[in-house]
Amino acid sequence: MKVISNQDILSLSISPLQCIQWVKESFCMKYDCVLPEKSSIKLHDNIFFNTMPSFLTPLNRFGVKVVTRYPTRTPSIQGEISLYDGVDGTFLAFMDASWITKMRTGAVAALTIDKLQKTNALIYAFMGLGQTAEATLLCLLTLTNPNKIIHVRLLAYKNQAEKFIETFSYFENISFEVVPTTTELITDADVVVSCVTAMDQIVAPDKCYKEGVLVVPVHTRGFQNCDLFFDRCFCDDKNHISSFKYFNQLKNLDEMSNLLLEKNPGRLSDNEKILAYNIGISLHDIYFASRIYDLFTN
């Protein structure tokens, strides 16, 4: 059994483009895999323990990710992955999931934006400006024509916005704006990305969401009102969102895998309001872990 640390993974210098490709590949094999719902233990103060297994049948690999969230910890979300050979059950690797969680989440969100945003989207609103948001924007910029100027609107919170802007200061095709309220953040935005891990209230009233907006609630909270009036909804796995209060009222619900397999046309017009609940599935974690293991052993 090989132990692979976060530093080991960083030493591989895996590019955002490679992460996006791994996300595509894993989405496209989803219906050949075994993907149980994650098991979650929720405690006080938004603390949780999630157990996330999956069997990647095409690769003959099984894995399980355990992820925890402690709001006062930095980073608040941490995890570990155990990877096994699916043929004989050999314990192949135990690895840190910090980089994997960040980059697979960012790659999924960026791929979703690339596939579902309206034509000529220009204003991208971000809230919750930690590592996940950074990974999302980094992957999105990888998919964006460098000649396209995009405007990134940020929600002010402590000094997060200033640090976020500094992180992307070397990109010449971005302009930034910082706003104090979620209402100002979302009004007239073409794409809304929320990486806030704890939100107990509705982010913004219905009227703030313009025609053609794409909302990507990476950590799901705060957008329940959108469930009731948005035109279309995509997710990474229907079973993983089946407990949502308004699950049965989501319109035109389908999975991202069908979009990537070209079994669903995706956005039908620039007027459609679209939700994308890609809340994180172990399919991506175990696929990333498997590919990383192979990089160390082949």
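**Entry 1. Contacts along the chain**

Among the contacts with a separation of 6 or more, 65% join residues 24 or more positions apart; a contact means heavy atoms within 4.5 Å. I note that the model is predicted, that local features need pLDDT of at least 70 and side-chain atom pairs pLDDT 80 or more, and that totals for chains, interfaces and linings use all residues. Residues are numbered from 1 along each chain as its sequence is written, and side-chain values use heavy atoms, with hydrogens and water left out.

**Entry 2. Overall form**

I recorded 9 helices and 14 strands in the chain. Helices (H or I, at least four residues) and strands (E, at least two) are DSSP runs, numbered from the N terminus. The chain is as compact as a globular protein of its length, because its radius of gyration of 19 Å is close to the 19 Å given by the globule rule for 298 residues. That radius is taken over C-alpha atoms, and the rule is 2.2 Å times the number of residues to the power 0.38. Along the principal axes, the C-alpha atoms fill a box of roughly 55 × 45 × 40 Å.

**Entry 3. Surface and charge**

I found that 52% of the 298 residues are buried. Buried means under 20% relative accessible area, exposed over 50%, and partly exposed in between (1.4 Å probe, protein chains only). The chain exposes about 13200 Å², of which carbon and sulfur atoms supply 49%; the areas come from the Shrake-Rupley method with a 1.4 Å probe, and for residues only the protein chains shown count as cover.

I also looked up the charges: there are 28 positive and 32 negative side chains, and the centres of the two sets lie 2 Å apart. Lys and Arg count as positive and Asp and Glu as negative, while His and the chain ends are not counted. Each charge is placed at NZ of Lys, CZ of Arg, CG of Asp or CD of Glu.

**Entry 4. Nonpolar cores**

I examined the nonpolar cores, which are sets of buried Ala, Val, Leu, Ile, Met, Phe, Trp, Tyr and Cys residues joined through side-chain atoms within 4.5 Å. The largest holds 65 residues, and Met95, Trp99, Ile100, Phe126 and Leu137 have the most contacts inside it. Helix α3 (residues 98-116) contributes the largest share of this core, 10 residues. A second, separate core has 29 residues, including Ala189, Tyr209, Val213 and Cys235.

For Leu137, I listed the residues touched, leaving out those up to four places away in sequence: Phe126, Ile150, Val152, Phe164 and Phe168.

**Entry 5. Selected buried residues**

I located Thr105 in helix α3, where its 11% relative accessibility makes Thr105 buried. Beyond four places in sequence, Thr105 touches Ile100, Thr132, Thr136 and Val218. Thr105 and His284 are 179 residues apart in sequence, yet their C-alpha atoms are 8.6 Å apart.

Glu272 lies in the loop between α8 (256-260) and β14 (274-277). I noted that Glu272 is buried, at 10% relative accessible area. Residues touched by Glu272, again beyond four places in sequence, include Val213, Asp231, Arg232 and Arg267.

Leu253 belongs to strand β13 (residues 253-255) and is buried at 19%. I found Leu253 in contact with Cys233, Cys235, Lys238, Ile241 and Phe247, not counting residues up to four places away in sequence.

Asp294 sits in helix α9 (residues 282-297) and counts as buried at 17% relative accessibility. Its C-alpha atom is separated by 20 Å from that of Ala107, 187 residues apart along the chain.

**Entry 6. A partly exposed strand residue**

I found Phe91 in strand β6 (residues 91-96), partly exposed with a relative accessible area of 30%. Phe91 touches Met1, Ser82, Leu83 and Tyr84, residues up to four places away in sequence being left out. From Phe91 to Gly130 the sequence separation is 39 residues, and the C-alpha atoms are 33 Å apart.

**Entry 7. Positive phi values**

I looked up backbone angles last. Most residues other than glycine have a negative phi. Asp45 has a positive phi of about 55° although it is not a glycine; Asp45 lies in the loop between β2 (39-42) and β3 (48-56) and is exposed, at 58% relative accessible area. Asn60, another residue other than glycine, has a positive phi near 55°. I placed Asn60 in the loop between β3 and β4 (61-69), partly exposed at 36%.
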